[in-house]
Each structure stands twice: as C-alpha cells, then as structure tokens.
Amino acid sequence: MQKKTIQDLVLIAAFAALIIALGAVAVPIGGLGIPIVLQNMGVALAAMVLGARRGTFAVVLYLGVGLIGVPNLSGFRSTLSALAGPSIGYLIGYILAALVIGLMTQRRPLKAGGQIALFITAGLVGVAIQYLLGSVGLVYRADMNFIPALVSNGAFIPGDIIKVVIAALIAVPVLRALPDLRPRKTPSKKPKQTSTDAAATPAS
C-alpha cells in the first residue's frame with residue numbers, strides 16, 4: 001500500500017510538472033489577455049492517463065504551487081497573480097475538466113480505436129467546461145456579457161480540438177503499453193444462475 005501511495009505521488013508530481021512546462025508555449029490573441037496555451041492539453045493528458053482522482057490532484061498541485069509565487073502559468077505568471085485577472089475562470093475550469101475527463105474514461109472499450117474516440121469525446125467535454133467557466137470569469141473580471149464572453153472562445157476551438165486529439169493519441173498507447181498505470185474498470189456482471197440454483201429456488 002505504501003509503495004502504491006508513493007507511486008501515485010510521483011505520478012501526480014510528474015504530471016503537475018509537465019503541465020507547468022507546457023506553459024512555456026503561449027500565443028496572445030485579441031485584447032482580453034487570454035493566450036493560446038498548451039497547458040490545457042496537459043490537463044487533459046493527466047486526466048486520461050492518471051484517471052479522475054490522480055489527474056485532478058495533479059491539476060490542483062499545478063495550480064497550488066502558483067499560490068506561493070511559483071511561475072506556473074504561461075508568460076511566467078503565477079496562480080497568485082492571476083487570481084484577479086480575466087483567466088481565473090479557465091484555471092478553475094482546469095480542475096473540473098480533469099475530474100470529468102477522468103470519470104468519463106473510467107470504463108473504456110477494449111479496442112484502441114474505441115478508446116481513442118472515447119478519450120477525444122471526454123477531452124472535448126473538458127474543453128467545453130473550460131469555456132463555460134472561463135466565460136463566467138470574463139463576465140466578472142472583464143465586464144463582459146455572458147454570450148459575447150462565450151463567443152470569444154471561438155478563436156480557441158480549432159487549436160483545442162487538435163490538442164485533445166494529440167492528448168488522446170498519446171494517452172491510449174501509453175495505457176495499452178502500461179495497463180497497470182490505470183487499470184480498466186469493467187461493469188460488474190451478475191453470476192449466471194446454474195440449473196442446481198434454479199431448482200433450489202422456491203416457486204413464487
């Protein structure tokens with residue numbers, strides 16, 4: 001049990017570090033101060049590979065270190081500096097997106113093609129969650145109405161679709177090569193009733 005806990009902590013820390021490293025890529029667009037980043041791809045990848053619990057913890061750790069001033073966000077900013085900015089909703093969305101992606105991919109098909117399709121679907125749901133919470137953040141921090149704030153995410157859609165596909169194409173081979181990294185959960189099956197059991201069952 002202790003070995004499993006240590007392994008989980010190492011994986012959580014490793015993926016938190018990966019998400020931070022992906023912050024080195026940031027392309028500012030528009031006048032809202034919300035850049036195109038690769039960190040949301042790291043969030044999706046963490047949830048796909050680690051699952052809901054560990055993936056969410058990795059995202060929480062990634063954001064948490066920024067609360068003590070570590071430059072964990074794109075542009076060498078920290079979570080602390082972003083708390084009053086327009087991107088706060090997207091950061092909160094990262095946490096919920098990781099949880100939902102992890103939960104959606106708990107039970108996955110045996111075939112690689114089915115797994116990739118499921119992971120892409122889950123990743124797109126995660127992106128939608130980020131857009132929704134990000135738009136709420138823009139309403140409160142950028143003095144925008146909700147619909148224009150939501151529409152402003154349109155510029156991110158093509159890139160985010162590509163990032164989700166890349167994350168899925170990475171996660172599925174990793175999990176197939178290392179099945180113990182995240183064991184597949186399968187629906188429980190009811191035991192078949194034998195003829196002996198049927199005979200022993202009293203008639204109603």
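Residues are classed here by relative accessible area, with buried meaning under 20%, exposed over 50% and partly exposed in between (1.4 Å probe, protein chains only). The structure is a predicted model, in which local features need pLDDT of at least 70 and side-chain atom pairs count only at pLDDT 80 or more, while totals for chains, interfaces and linings use all residues. Residues are numbered from 1 along each chain as its sequence is written, and side-chain values use heavy atoms, with hydrogens and water left out.

The chain contains eight helices and two strands; helices (H or I, at least four residues) and strands (E, at least two) are DSSP runs, numbered from the N terminus. Their order from the N terminus is α-β-β-α-α-α-α-α-α-α. Of the 204 residues in the chain, 40% are buried. Contacts are defined by heavy atoms within 4.5 Å. Among contacts between residues at least 6 apart in sequence, 69% join residues at least 24 apart.

Strand β1 spans residues 26-28 and includes A26. With a relative accessibility of 32%, A26 counts as partly exposed. When residues up to four places away in sequence are not counted, A26 touches P35, I36, V37 and S74. The C-alpha atoms of A26 and L73 are 9.5 Å apart, although 47 residues separate the two in sequence.

Helix α5 has 30 residues and reaches 42 Å from its first C-alpha to its last, close to the 44 Å expected at 1.5 Å a residue; the expected span is 1.5 Å times one less than the number of residues. D143, which follows α5, has a positive phi near 55°.

A nonpolar surface patch of about 680 Å² is formed by L132, V136, Y140, F146, I147, L150 and V151. Patches are made of residues with over 30% relative accessible area and no salt bridge, with like charges joined within 9 Å and nonpolar side chains (Val, Leu, Ile, Met, Phe, Trp, Tyr) within 5 Å. A salt bridge is a side-chain nitrogen of Lys or Arg within 4 Å of a carboxyl oxygen of Asp or Glu. At least two patch residues come from each of α5 (112-141) and α6 (146-151), and α6 gives the most, with four residues. F146 is found in helix α6 and counts as partly exposed because its relative accessibility is 33%.

Technical notes. Areas by Shrake-Rupley, 256 points an atom, 1.4 Å probe, with all protein chains shown as cover.
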